Amino acid sequence: MLSRSQAAFRLRLSASRVSIVGAARLRPRTSLAPVPASQFHSSTRRHFTAPSATLRQSQELPKAPFPIFTTVNDFRTWRKKAEKEGKTVGFVPTMGALHDGHLSLVKASLAENDLTVVSIFVNPAQFAPTEDLAAYPRTLPSDIEALEKLAAGSATSPSSSSSSSSHGGIAAIFAPTVTEMYPSPDGKAFTQHVADQVGAFVEVHGLQHEMEGASRPTFFRGVATVCTKLFHIVAPHRAYFGQKDIQQAILLRRLVLDLCFAHPEGPEAVRVLPTSRDPGDGLALSSRNAYLTQKARPYATALYKALQAGQAAWEQHVQGQGQERVAETLRRAREVAQQEAERAAEDGIQIDVLYISLNDPISLGSLEGATGDGGKRGAILSGAAMIKDGPDGRATRLIDNVLLGFAM
Ligand SMILES: Nc1ncnc2c1ncn2[C@@H]1O[C@H](COP(=O)(O)OP(=O)(O)OP(=O)(O)O)[C@@H](O)[C@H]1O
Ligand SMILES: CC(C)(CO)[C@@H](O)C(=O)[O-]
Ligand code: BAL
């Protein structure tokens, strides 16, 4: 948790204009329509104003007062300067399409660090070939705008001309290309087919196939791999993640512990912030919520309602035997999920609950039917659901969780 004293850094305002370092094909987008990952950006141009057609288009990008680096080398040059100046660096890895949940992580980083780096990279390695890599929202201009607004709100004093200086603490965006993150000396394009991949990949055994991992078997391999790369490149003192992706956070803490990462500085430096929710109905904010139709949106809270019902059962059964409490928690959550799915179906909205699971917060092992202490050190009640507007509608995959009897 952040202490007040840690939050007391004086943040500095930079008046410099946007500089997209190493960026070429950034293009303004006004909707969430899909853009192929390869089109997002490429290679080596050094200045925003370079006279290529694609760069001219990119002048419509909001004028951000922090640099946007697309190459590892350019980013490292900046990072070395920050190091020399003795600045602490907080890091918020994202896949873009920023919402208030992401911004809550940025705010936490601003409060604890001199400089904050945000990465925006839709990581192909964590998407199975059947998943939504191509359709994933890519909204760089509005992401920059959101960060700029946030920074302007938190700026407290004018900056120096230091090259690692920041605007309200937001110092840099790292938005690399796929080839920058997955270099290919043999010239082969990155493949999402794990069996055909060549090169170094990172796995966290025992944690990567539970819960979400059962439903997305190669997901955490992709996350651990990209976060290893990002941690090496950004070299943050602290990194910020959301509870919404609780398994990811737990697995990354274990990765940092087991592989002796110096940056972030140990598992506790992997900060986990509470899930930001829609203030109206509690739906967990998620970039994928943009896929929901207007008609489906009110039903998207089915999972959260189910988890809340499970949480209430957990709290009511404090005196029960471990297994009784576990069973009742799951029974209630699944019952409400079923009721919510039936209610949605009456209105033509299809909800498929992929799993509702109760797991140990350290081993991530399932507590269901287990002979252990039935959640004495707390439990994660989590789930995933597909929601579809009509039989031919596009499916939106939602996840959510509540923490029972422990905090991150
Ligand atoms: N509602 C939220 N509250 C707090 N943190 C969040 C929330 N949603 C996402 N995050 C965190 O933001 C970081 C980047 O997540 P990501 O860019 O994948 O966004 P997302 O909304 O989770 O997208 P997706 O639709 O892919 O699940 C992760 O650490 C994630 O846990
Ligand atoms: C951590 C992450 C940025 C890695 O791609 C992603 O899994 C996410 O956004 O949660
Ligand atoms: N935050 C989770 C990213 C993903 O679903 O790929």
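Contact here means heavy atoms within 4.5 Å. The model is predicted: local features need pLDDT of at least 70, side-chain atom pairs count only at pLDDT 80 or more, and totals for chains, interfaces and linings use all residues. Residues are numbered from 1 along each chain as its sequence is written, and side-chain values use heavy atoms, with hydrogens and water left out.

D278 is in contact with L283, L285 and R297, leaving aside neighbours within four places in sequence. This residue sits in the loop between β9 and α9. Helices (H or I, at least four residues) and strands (E, at least two) are DSSP runs, numbered from the N terminus. D278 is partly exposed, at a relative accessible area of 25%. Buried means under 20% relative accessible area, exposed over 50%, and partly exposed in between (1.4 Å probe, protein chains only). G101 lies 177 residues from D278 in sequence, yet the two are 9.7 Å apart in space, C-alpha to C-alpha.

The largest nonpolar core holds 46 residues. Such a core is a set of buried Ala, Val, Leu, Ile, Met, Phe, Trp, Tyr and Cys residues joined through side-chain atoms within 4.5 Å. F75 and W78 touch the most other members. Two or more residues come from each of α2 (72-84), β4 (89-94), β5 (115-120), β7 (170-174), α7 (219-234), β8 (238-242), α8 (246-258) and β9 (270-273). The largest share, ten residues, belongs to α7. Domain 1 (6-273) and domain 2 (287-404) each supply at least three residues to this core. Their bounds come from an automatic or database domain assignment. Not counting residues up to four places away in sequence, F75 touches F69, V117, A172, F174, I233 and V234. Another core, of 22 residues, lies apart from the largest one; A64, I120, L150 and I173 are among its members.

Three strands form an open sheet in the order β10-β11-β12, with antiparallel pairing. Two strands pair if DSSP finds at least two bridges between them. β10 (349-359) and β12 (395-404) are the edge strands, each pairing on one side only. On average, neighbouring strands are turned by 15 degrees against each other, direction ignored. Axes are lines fitted to C-alpha atoms, for helices over the stretch in contact, and angles run from 0 to 180 degrees between N-to-C directions. β10 and β11 (residues 379-389) are joined by ten bridges. One bridge partner pair is I356 and G383, the latter in β11.

Helix α10 (residues 322-346) packs on this sheet and touches β10, β11 and β12. Its direction makes about 170 degrees with that of β10. Buried residues of α10 are R325, V326, T329, L330, A333, V336, A337, E340, A341 and A344. Their cover includes α9 (302-316), β10, β11 and β12. G348 follows α10 and has a positive phi, near 85 degrees.

A cis peptide bond joins H263 and P264, with omega about -5 degrees. P264 lies in the loop between α8 and β9. C260 is also found between α8 and β9. Its phi is positive, near 55 degrees, although C260 is not a glycine. C260 is exposed, with a relative accessible area of 64%. M211 has a positive phi of about 45 degrees and is likewise not a glycine. M211 is buried, at 7% relative accessible area, in the loop between α5 (178-181) and α6 (212-215).

Definitions and conventions
Chains are lettered from A and ligands numbered from 1 in the order in which they are written.
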